[in-house]
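I opened this structure for the first time today and kept notes as I went. The entries follow the order in which I looked things up.

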Amino acid sequence: MLVAKLGLDGHDVGAKFIGRLLRDNGFDVVYLGIRRTPEEVVRAAVDEDVDLIGLSMLSGSHGTLVEKVLEQLAAEADDAPPVVLGGVVPDEDHPRLTRLGVRAIFNAGVPTDEMVARIRELVAEQRGGGH
């Protein structure tokens with residue numbers, strides 16, 4: 001999977017923690033780092049042929065930037081990987097992001113075992129294995 005921070009947000013402690021958590025749970029993780037553009041995220045996801053994209057957002061610009069990622073993925077990837085979002089995403093933004101195509105939103109406080117289980121489900125779906 002690919003983990004990245006979009007936009008100008010430079011706080012990456014949570015993204016690094018999630019990357020390590022997922023590695024410890026058997027996932028191959030590519031961490032792109034901070035201040036990435038939607039184009040960089042999509043290019044890396046296509047080049048690395050990832051099964052899932054995890055975006056970490058704290059800046060409040062999640063709506064615009066995540067929408068750009070999803071639009072570009074749809075245009076560039078035949079079998080686009082699911083996108084999940086973590087960080088600080090106000091509850092009132094969840095329905096819109098879900099309609100756009102975000103498959104899961106993990107705000108601070110979500111138990112890590114629930115997050116790992118949901119990511120396993122999404123990766124299995126992406127690989128054609130169902131649940």
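Predicted model: local features only at pLDDT ≥ 70, side-chain atom pairs only at ≥ 80, totals over all residues.

**Entry 1: a glutamine side chain**

I began with a polar contact, and found the backbone oxygen of Asp 79 lying 3.1 Å from a polar atom of the side chain of Gln 126. Gln 126 lies in helix α5. Is Gln 126 buried or exposed? I found a relative accessibility of 18% for Gln 126, and since buried means under 20%, Gln 126 counts as buried. Setting aside residues up to four places away in sequence, I listed what Gln 126 touches: Asp 51, Asp 79, Ala 80, Pro 81 and Pro 82.

**Entry 2: the helix that carries it**

I then looked at α5 as a whole, which runs over residues 112–126 and has 15 residues. From its first C-alpha to its last α5 reaches 21 Å, close to the 21 Å expected at 1.5 Å a residue. Which residues of α5 are buried? I wrote down Met 115, Val 116, Ile 119, Leu 122, Val 123 and Gln 126. Looking down the axis of α5, I saw that these buried residues fall within an arc of 125°, so they line one face of the helix. The buried residues of α5 pack against α1 (13–24), β4 (83–87) and β5 (102–107).

**Entry 3: Val 116**

I picked one more residue of helix α5, Val 116, and found it buried, with a relative accessible area of 7%. Leaving aside neighbours within four places in sequence, Val 116 is in contact with Leu 21, Leu 22, Asn 25 and Phe 27. I also checked Leu 100, which is 16 residues from Val 116 along the chain, and the C-alpha atoms of the two are separated by 22 Å.

**Entry 4: the sheet**

In what order do the strands of the sheet lie? I traced five strands in an open sheet, in the order β2-β1-β3-β4-β5, with parallel pairing. β2 (30–36) and β5 stand at the edges with a single partner strand each, so one side of each is left without a neighbour in the sheet. From one strand to the next, the twist averages 20°. I came back here to α5, which packs on the sheet and touches β4 and β5, its direction making about 165° with that of β5.

**Entry 5: strand by strand**

I followed the pairings next, and found that four bridges join β1 to β2, with Ala 4 standing opposite Gly 33 in β2. β1 and β3 also pair over four bridges, in the parallel sense, and the bridge partner of Val 3 in β3 is Gly 54. Five bridges join β3 (residues 53–57) to β4, where Gly 54 stands opposite Val 84 and Ser 56 has Gly 86 as its bridge partner.

I then asked how many residues of β1 (residues 2–6) are buried, and the count was five of its five residues. Leu 2, Ala 4 and Leu 6 point one way from β1, whereas Val 3 and Lys 5 point the other way. In β3, five of its five residues are buried as well, with Ile 53, Leu 55 and Met 57 pointing one way and Gly 54 and Ser 56 the other. The general rule I had in mind is that in a regular strand the side chains alternate between the two faces of the sheet.

I located Asp 49 in the loop between α2 (38–48) and β3, where at 64% relative accessibility Asp 49 counts as exposed.

Technical notes
Residues numbered from 1 in each chain as written. Heavy atoms only, no water. Helix = DSSP H or I, 4+ residues; strand = E, 2+ residues; numbered from the N terminus. Expected span 1.5 Å × (residues − 1). Buried < 20%, exposed > 50% of the residue type's maximum accessible area, 1.4 Å probe, protein only. Arc of directions from axis to C-beta. Contact = heavy atoms within 4.5 Å. Pairing = 2+ DSSP bridges. Axes fitted to C-alpha atoms, helices over the stretch in contact; angles between N-to-C directions. Polar contact = N/O pair within 3.5 Å; in protein donor to acceptor, adjacent residues only side chain to side chain.
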